[in-house]
Amino acid sequence: FKLTEKLIPVLKTLVSDPYWNVRRTIAHGFHEVVKLFGKRSQCLIHEYNKLLKDSNPEVLMVVINNLQPVLETFVKAYNLDHKTKQPGLLDIIQPLIIAEQMASKCRQW
């Protein structure tokens, strides 16, 4: 528990780093960090949202490539079913759509 608490400020710093290659690196392993947090991964929604809104296509490609395991963990953390609506999780829908649109315009997609 203490390890995850110590990781949050580090993650906040890394997802906002001015160098795109640092943000791409954290995006590459973000799905593993979310798994580590498990049910407490709800506190990482804001950081994931920042990665989804990144202006660099290299970062977005990595975010989108690891989308499934991140979303699966978030869904489990929020204990979602078809009747549940969680504002934190719903906040990533629009940035996700925008990220996919930006990535699809990129040559590497």
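View 1. You'll count seven helices and zero strands here (both are DSSP runs numbered from the N terminus: helices are H or I with at least four residues, strands are E with at least two). Of the chain's 109 residues, 39% are buried (buried is under 20% relative accessible area, exposed over 50%, partly exposed in between, with a 1.4 Å probe and protein chains only). Take the contacts with a separation of 6 or more: 71% of them join residues 24 or more positions apart (a contact means heavy atoms within 4.5 Å).

**View 2. Arg 23 and its neighbours.** Arg 23 sits in helix H2, residues 20–37. Its relative accessibility is 11%, so Arg 23 counts as buried. Leaving out residues up to four places away in sequence, Arg 23 touches Leu 14, Val 15, Asp 17, Pro 18, Leu 51, Asp 54, Asn 56 and Val 59.

**View 3. Helix H3, residues 45–52, largely enclosed by the rest of the structure.** That description holds because six of the eight H3 residues are buried. They are Ile 45, Glu 47, Tyr 48, Asn 49, Leu 51 and Leu 52. Leu 51 also turns up among the contacts of Arg 23.

**Notes.** Numbering starts from 1 along each chain as its sequence is written, and side-chain values use heavy atoms, with hydrogens and water left out. Since the model is predicted, local features need pLDDT of at least 70 and side-chain atom pairs count only at pLDDT 80 or more, while totals for chains, interfaces and linings use all residues.
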